[in-house]
Amino acid sequence: VFLLAVLVMGLVLAALYEHLLDPLIILITVPLALLGALAGLVLRGLPLDVYGQMGLLVLVALAAKNGILIVEFANQRLREGLPLEVAIRESARSRLRPILLTALSSLAGFVPLLLASGASAGSRISIGTVVFFGLLVSTGLSLFVVPSVYRVIKGWELQHQSRWRARQHG
């Protein structure tokens, strides 16, 4: 189900952007989120049970949101004619506060699940651990990884497009 969710998300993003490389850049946040989720489970000594797997589905959407914000804003800046480096820098700088604020509010919302007690606390702790640690690591790493990957992939794409245009006109 997890792979199906990632595939559907990739297809929806591909349809939205009418491009295959932008969803690839955005979905680079998914392995970062998985890294954090699995690290959180290991740190707390919890198994990856059914509830944790449901938390992974929630985590995919929350993690991809950060990538979407950065990529969309950088694409807008490129369309306005800014150079690639400037577009990346501006998008990362201007999206930093919204990304951090939404991540902090989401993390605060999952703290009660981390500290759950009583009946069925195991399920809430499992979901909370996966989403909390996954979102924490994903947010921290995606602020650096997404712009870097965007730079590499978009730089290659723009270079390829300029060569294609040169062949068309010359």
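User: Helices here are DSSP runs (H or I) of at least four residues, numbered from the N terminus. With that settled, where is Glu18 found?

Analyst: Glu18 sits in the loop between helix 1 and helix 2, the latter covering residues 21-26. Keep in mind that this is a predicted model.

User: Thanks! What about the phi of Glu18, positive or negative?

Analyst: The phi of Glu18 is positive, about 55 degrees, although this residue is not a glycine.

User: And is Glu18 buried or exposed?

Analyst: Glu18 counts as exposed, because its relative accessibility is 72% and the cut-off for exposed is over 50%.

User: Which loop holds Ser120, and what is its phi?

Analyst: Ser120 lies in the loop between helix 5 (84-114) and helix 6 (121-169). Its phi is positive at about 55 degrees, and Ser120 is not a glycine either. With 52% relative accessibility, Ser120 counts as exposed.

User: Let's zoom out. How many helices and strands does the protein have?

Analyst: There are 6 helices and 0 strands, giving the pattern α-α-α-α-α-α along the sequence.

User: What box do the C-alpha atoms fill, and what share of residues is buried?

Analyst: Along the principal axes, the C-alpha atoms fill a box of roughly 70 × 30 × 25 Å. Of the 170 residues, 41% count as buried.

User: And the contacts, how far apart in sequence are the residues they join?

Analyst: Taking contacts between residues at least 6 apart in sequence, 74% join residues at least 24 apart.

User: Tell me about helix 4. What span does it reach?

Analyst: Helix 4 runs over residues 50-79, 30 residues in total, and reaches 44 Å from its first C-alpha to its last. That is close to the 44 Å expected at 1.5 Å a residue. Just after helix 4, Gly81 takes a positive phi of about 100 degrees.

User: How does helix 1 lie against helix 4, parallel or antiparallel?

Analyst: The axis of helix 1 (residues 2-17) comes within 11 Å of the axis of helix 4, and the two cross at roughly 20 degrees. Helix 1 is therefore roughly parallel to helix 4, since angles under 35 degrees count that way. The crossing is right-handed.

User: Which residues make that contact?

Analyst: From helix 1 they are Phe2, Ala5, Val6, Met9, Leu13 and Tyr17. Helix 4 contributes residues including Leu56, Val60, Ala64, Ile68 and Glu72. By class, the contact residues divide into 13 nonpolar, 1 polar and 1 charged.

User: Now helix 5. What is its angle to helix 4?

Analyst: Helix 4 and helix 5 pack at about 155 degrees, with their axes 8 Å apart. That makes the pair roughly antiparallel, because angles over 145 count as such. Helix 4 passes helix 5 in a right-handed crossing.

User: Last one: what about Arg89?

Analyst: Arg89 is in helix 5 and counts as partly exposed at 46% relative accessibility.

Definitions and conventions. Residues numbered from 1 in each chain as written. Predicted model: local features only at pLDDT ≥ 70, side-chain atom pairs only at ≥ 80, totals over all residues. Heavy atoms only, no water. Expected span 1.5 Å × (residues − 1). Axes fitted to C-alpha atoms, helices over the stretch in contact; angles between N-to-C directions. Parallel < 35°, antiparallel > 145°, perpendicular 65-115°, else oblique. Left-handed = near helix turned anticlockwise from the far one by under 90°. Contact = heavy atoms within 4.5 Å. Nonpolar A, V, L, I, M, F, W, Y, C, P; charged D, E, K, R; others polar. Buried < 20%, exposed > 50% of the residue type's maximum accessible area, 1.4 Å probe, protein only.
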